[in-house]
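Dear colleague,

I am passing on the structure below, and I would be glad if you could look it over before reading the notes that follow it.

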Amino acid sequence: MSATSTKDSQVSMRLPGELKARIETYAQMTGRSKSHVAMEALADYLDWRMPQVADLQQAVAAADRGEFASDAEVQAVLGRHAGGKARATPRRR
């Protein structure tokens, strides 16, 4: 991503004072402009969040179609994310 281009747009936003101070401090520490720091931070955030939201939208659409994971599929995923030790799912009473 280039820092600036002839087609950059300006955006104005309100920030809490503490966040503004953090941006200013980071900009000074790195020798970057506040605009560059904010632009980079927002781009990183959107790169991370947009795929999450898209995945959630797909999951909701699948659930609306009645497509749910089986207990075995859920346990397999939990096993991968729990260091290979899937915990038993508590039974509803």
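The expected span of a helix is 1.5 Å times one less than its number of residues, and helices (H or I, at least four residues) and strands (E, at least two) are DSSP runs numbered from the N terminus. H1 has 14 residues and should therefore span 20 Å, which agrees with its end C-alpha atoms being 20 Å apart.

This is a predicted model, in which local features need pLDDT of at least 70 and side-chain atom pairs count only at pLDDT 80 or more, while totals for chains, interfaces and linings use all residues. Residues are numbered from 1 along each chain as its sequence is written, and side-chain values use heavy atoms, with hydrogens and water left out.

The protein chain holds three helices and zero strands, in the order α-α-α from the N terminus. After H1 comes Gly31, with a positive phi near 70 degrees.

As to confidence, pLDDT (the predictor's confidence in each residue, from 0 to 100) has a mean of 86 over the protein chain, with 82% of residues at 70 or more.

Of the 93 residues in the protein chain, 8% are buried, meaning under 20% relative accessible area with a 1.4 Å probe, protein chains only.

Finally, Arg49 lies over the face of Trp48, 5.4 Å from the ring centre; a charge sits over a ring if NZ of Lys or CZ of Arg is within 6 Å of the ring centre and within 35 degrees of the ring normal.

Terms used:
Buried < 20%, exposed > 50% of the residue type's maximum accessible area, 1.4 Å probe, protein only.
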